[in-house]
Amino acid sequence: STLAVGTSMTFANNTPFAGIDVPLTDHEGRDMVVVIVKATFSVRQDGSLQRAEKPSPIRVNDELLDPDAVESSLLYPTDVAIAKRGTDVIVRGDAVSAQPVPYVDVAVKVKERVVPLRVHGQRLFYKSAFGAAIGPAAPFTRKPIVYERAYGGFTPDYAVAEFRNLAGIGVAKRAADLVDRPAPQIEDPRLAHTTSGDTHPPVGLGAIRSHWSPRKDFLGTYDPSWESTRAPLLPRDFDIQFYNVAHPSLVFREGLAPG
């Protein structure tokens, strides 16, 4: 919830959960206080929930998977936002098989929506008659589901870039540039990657960084008119969907009810 800032205020958290108050300025330049209350639960074997013994901390900043990577994906997103449209669902986890296999199909189901993924073992591009094809996958038992293993990436000069997943693999100026390099391992099973010409939308279950699409597309228009009449405020066409951090397949327009 948001509260207008008065001359003075006191924040008291009377819940058993973690809570903080964060002073912010909204896109119209108004001073606000955003109150964040965060509950963490563990899932029992029977599917019931219990409050976690070690609650997840409230994050005021994004946490990167690899802080040393130029375009790392997010390990966890910040919990701070002025507003959020509907509900974000973010899943961190691995694809696991009891025996070594070349791929595993996994899925996340929320209400009536199902998001399927196929997770392959390590595989490489190889030179083919039509550019670069993707070779067979090495067997595996566990693979993290991260954007670094999905289609995406960028060339060093950013002349070619997949802004929906700048952490990914498979982007190049020429097919020949991909030969002997890692190929996408995570895909929509209905849209298989078999050659360098397959540029299907990147998939994943984690959070999207603020300068990736589609989030950056909601930031609004930065042009001479904005510079002369609005700066440093956000543009008038700024959309609060910018604060929805989940993969588009797991952003829900509605708030999710219990159950």
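This is a predicted model: local features need pLDDT of at least 70, side-chain atom pairs count only at pLDDT 80 or more; totals for chains, interfaces and linings use all residues.

Colleague: Fine. How much space lies in the largest pocket?
Modeller: About 1200 Å³. A pocket is an open set of points on a 1 Å grid over the protein atoms alone, with protein on both sides within 12 Å along at least five of seven lines; lining residues have an atom within 4 Å of a point.

Colleague: Which residues are closest to its centre?
Modeller: K38, A39, D79, D88 and I90, out of 34 lining residues. By class, the lining has 18 nonpolar, eight polar and eight charged residues.

Colleague: Which strand gives the largest share of that lining?
Modeller: β3, with five residues. Strands here are DSSP runs of E, at least two residues, and helices are runs of H or I, at least four, numbered from the N terminus.

Colleague: And cavities, how many of 30 Å³ or more?
Modeller: Two. A cavity is a set of grid points where a 1.4 Å probe fits but cannot get out.

Colleague: New topic. How many salt bridges?
Modeller: The structure holds 15, each a side-chain nitrogen of Lys or Arg within 4 Å of a carboxyl oxygen of Asp or Glu. R230 pairs with E28, the closest N and O atoms being 3.4 Å apart. That pair links distant parts of the chain, 202 residues apart.

Colleague: Is R230 buried or exposed?
Modeller: Buried, at 8% relative accessibility. Buried means under 20% relative accessible area, exposed over 50%, partly exposed in between (1.4 Å probe, protein chains only). E28 is partly exposed, at 34%.

Colleague: What about D157, which residue does it bridge to?
Modeller: K173, with the closest N and O atoms 2.7 Å apart. D157 sits in the loop between β15 and β16, and K173 in the loop between β17 and β18, so the bridge ties together parts 16 residues apart in sequence. D157 is partly exposed at 45%, while K173 is exposed at 51%.

Methods. Residues are numbered from 1 along each chain as its sequence is written. Side-chain values use heavy atoms; hydrogens and water are left out. Grid points are joined across faces, edges and corners, and a volume is the space filled by probe spheres set on the points. Ala, Val, Leu, Ile, Met, Phe, Trp, Tyr, Cys and Pro count as nonpolar, Asp, Glu, Lys and Arg as charged, and the others, Gly among them, as polar.
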